[in-house]
Amino acid sequence: MEWLATLGRRGLSLSARLGRASLLMLAMLRGLPALLRRPRLLLEQLLSVGVLTVLIVAVSGIFVGMVLGLQGHYILSRFGAEATLGVMVAASLVRELGPVVTALLYAGRAGSAMSAEIGLMKATEQLSGLEMMAVNPEHRVLTPRLIAGIISMPLLAAMFSVLGVYGGWFVGVGLLGVDEGTYWAQMQSQIDWNDDVLNGVIKSVVFGVVCTWIAIFQGYECVPTSEGVSRATTRTVVHSSLAVLGLDFVLTAMMFD
Amino acid sequence: MIRQPRAKDTLVRIRDLTFHRGTRAIFEGVDIEIPRGAVTAIMGPSGSGKTTLLKLIGGQLTPDAGRIEVDGQDVHALSTRDLYRLRMRMGMLFQSGALLTDLSVFDNVAYPLREHTRLTPSMIRKLVLLKLEAVGLRGAHQLMPSELSGGMARRVALARAIALDPMMIMYDEPFTGQDPISMGVLVQLIRRLNDAARITSVIVSHDVAETSQIADLIYVISNGRVIESGPPQTLHDSGGEWTRQFMQGLADGPVPFHYPAPELALDLFRRLV
């Protein structure tokens with residue numbers, strides 16, 4: 001019976017955490033009007049969450065595109081279909097790899113940093129200090145980070161896909177001799193704005209919400225010690241990665257049925 | 001005898017306070033009255049719930065039972081808006097200083113002024129420099145918190161706590177980890193600010209000597225109860241065993257040196273499973 005009790009305890013604990021995370025999300029959303037009055041807070045977070053993640057996303061996008069170009073050419077040329085290399089690269093990036101890999105990189109770079117920062121603010125009593133100064137820390141500290149994450153993710157994913165397409169072009173056209181006109185023309189005619197691009201954007205917005213929510217919640221809920229902050233950052237990366245991969249399957253099944 | 005403040009003299013009134021963390025009782029029916037305009041110290045050993053008491057007074061924690069009134073308002077019956085309004089009149093000095101690490105000293109002190117007033121930048125600048133002058137750190141206004149020593153950080157936090165000219169300031173272990181010079185400066189500063197600005201000070205501390213120098217009234221708490229209260233000299237001369245052990249720092253007394261454990265010999269020769 002012990003296992004049943006353990007299962008019950010864990011179930012209750014999970015439900016309680018989900019409840020607290022939902023309440024935190026509501027509290028952050030209630031901070032939106034205050035954020036509109038102070039757009040500077042959002043700009044600061046866009047710099048920290050978005051701009052500082054550009055480099056790792058850009059470099060990864062180029063390399064992923066180059067690998068797609070190489071692998072795509074290798075397989076497609078066996079069937080004499082290397083002319084469709086541009087479509088294959090673009091579709092893979094826009095539909096899947098752009099949103100998913102960007103979200104994984106975001107969780108590793110910006111998400112973990114966000115958890116650590118919020119956790120340390122808690123450990124050093126900065127959040128309590130704000131409360132005692134009659135400033136709501138959820139509105140002042142958390143809401144700008146949430147919105148910055150939601151805005152940044154689709155932009156980063158778009159950049160990842162664009163640079164990936166150029167990476168594929170460099171390898172396919174520049175190194176392996178695929179016709180340049182065919183590479184771009186096939187892509188232009190086969191990639192659909194709604195089915196491919198818009199669905200990719202929707203995915204990255206969903207991933208932006210989920211990854212940032214997880215990062216903020218883990219930081220805000222962490223045990224305020226060095227070990228607690230360390231566990232929060234680890235959990236952020238693990239939970240975000242699993243959530244992104246799981247949600248990607250669900251969203252793909254819904255969008256491309 | 002403890003001076004019983006008249007009702008209108010009392011700024012903070014705590015009645016029958018009960019608070020638990022999990023199954024552990026932190027407070028069991030505690031009654032405390034903090035007189036207006038005085039320096040009141042809440043003293044007790046580590047882990048006796050002193051910081052928790054400040055958080056209860058500030059409305060950051062909610063008691064299981066009992067009532068806490070600040071300036072006649074039941075803190076835990078207030079709406080969020082009214083609680084925040086009340087907090088604007090309460091300053092708090094955290095043990096760590098709790099300075100915002102991404103802001104300079106100047107911006108930290110200016111923070112509550114920018115948040116809660118519509119003063120012009122030039123007026124805010126003047127006020128901030130005056131507050132920093134009061135704690136002796138006007139020359140450090142451009143420094144970042146990482147460039148400050150522990151004592152300086154607490155003085156900046158004190159300048160921030162008095163930025164809005166509060167009616168009371170709560171000090172959480174202000175002397176812990178300070179070198180003798182910083183400690184002396186802080187002791188004098190707290191008393192001077194209390195008298196000059198006519199505010200009410202609540203100091204939570206286990207530093208008996210320093211706190212006794214400036215406190216008008218001391219409450220000694222342990223095991224969730226107020227053991228004794230009164231002016232410092234009365235407590236120093238107290239016949240109560242517990243109070244005497246705490247105030248004089250004696251090793252022998254009702255508070256055991258050892259954490260409860262089986263006999264040493266039993267523990268040493270116990271067979272490991």
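The model is predicted, so local features need pLDDT of at least 70 and side-chain atom pairs count only at pLDDT 80 or more, while totals for chains, interfaces and linings use all residues. Residues are numbered from 1 along each chain as its sequence is written, chains are lettered from A and ligands numbered from 1 in the order in which they are written, and side-chain values use heavy atoms, with hydrogens and water left out.

**View 1. Chain A is built from helices.** Chain A has 10 helices and 0 strands. Helices (H or I, at least four residues) and strands (E, at least two) are DSSP runs, numbered from the N terminus. The C-alpha trace of chain A spans about 65 × 55 × 30 Å along its principal axes.

**View 2. Helix 1 of chain A packs on helix 7 of chain A.** Helix 1 covers residues 2-30 and helix 7 covers residues 137-175. Their axes lie 8 Å apart, at an angle of about 95°. Axes are lines fitted to C-alpha atoms, for helices over the stretch in contact, and angles run from 0 to 180 degrees between N-to-C directions. The two helices of chain A are therefore roughly perpendicular. Angles under 35 degrees count as roughly parallel, over 145 as roughly antiparallel, 65 to 115 as roughly perpendicular and the rest as oblique. Helix 1 contributes residues including A:Leu24, A:Met25 and A:Met28 to the contact. Helix 7 contributes residues including A:His139, A:Leu142 and A:Leu146. Contact means heavy atoms within 4.5 Å. The contact residues divide into 7 nonpolar, 2 polar and 2 charged. Ala, Val, Leu, Ile, Met, Phe, Trp, Tyr, Cys and Pro count as nonpolar, Asp, Glu, Lys and Arg as charged, and the others, Gly among them, as polar.

**View 3. Helix 5 of chain B meets helix 6 of chain B.** Helix 5 is residues 150-161, and helix 6 is residues 180-197. Their axes come within 10 Å and cross at roughly 10°. This pair in chain B is therefore roughly parallel. On helix 5, the residues in contact include B:Arg154 and B:Leu158. On helix 6, they include B:Val185, B:Leu189 and B:Leu193. This contact divides into 5 nonpolar, 2 polar and 2 charged residues.

**View 4. A salt bridge joins two strands of chain B.** The side chains of B:Glu33 and B:Arg15 meet at 2.4 Å, N to O. B:Glu33 sits in strand 2 (residues 24-35), and B:Arg15 sits in strand 1 (residues 10-21). They are 18 residues apart. A salt bridge is a side-chain nitrogen of Lys or Arg within 4 Å of a carboxyl oxygen of Asp or Glu. Side chains of opposite charge can pair when their charged atoms come close.

**View 5. Chain B touches chain A.** Here 23 residues of chain B are in contact with 16 residues of chain A. Together the chains bury about 1700 Å², 54% of it on carbon and sulfur atoms. Buried area is the accessible area (1.4 Å probe) that two parts lose on being put together, summed over both. B:Tyr84, B:Tyr111 and B:Glu115 supply 29% of the area that chain B buries against chain A. B:Glu115 also forms a salt bridge with A:Arg38 (3.6 Å, N to O). Helix 3 of chain B gives 5 residues, the largest share of the side that touches chain A.
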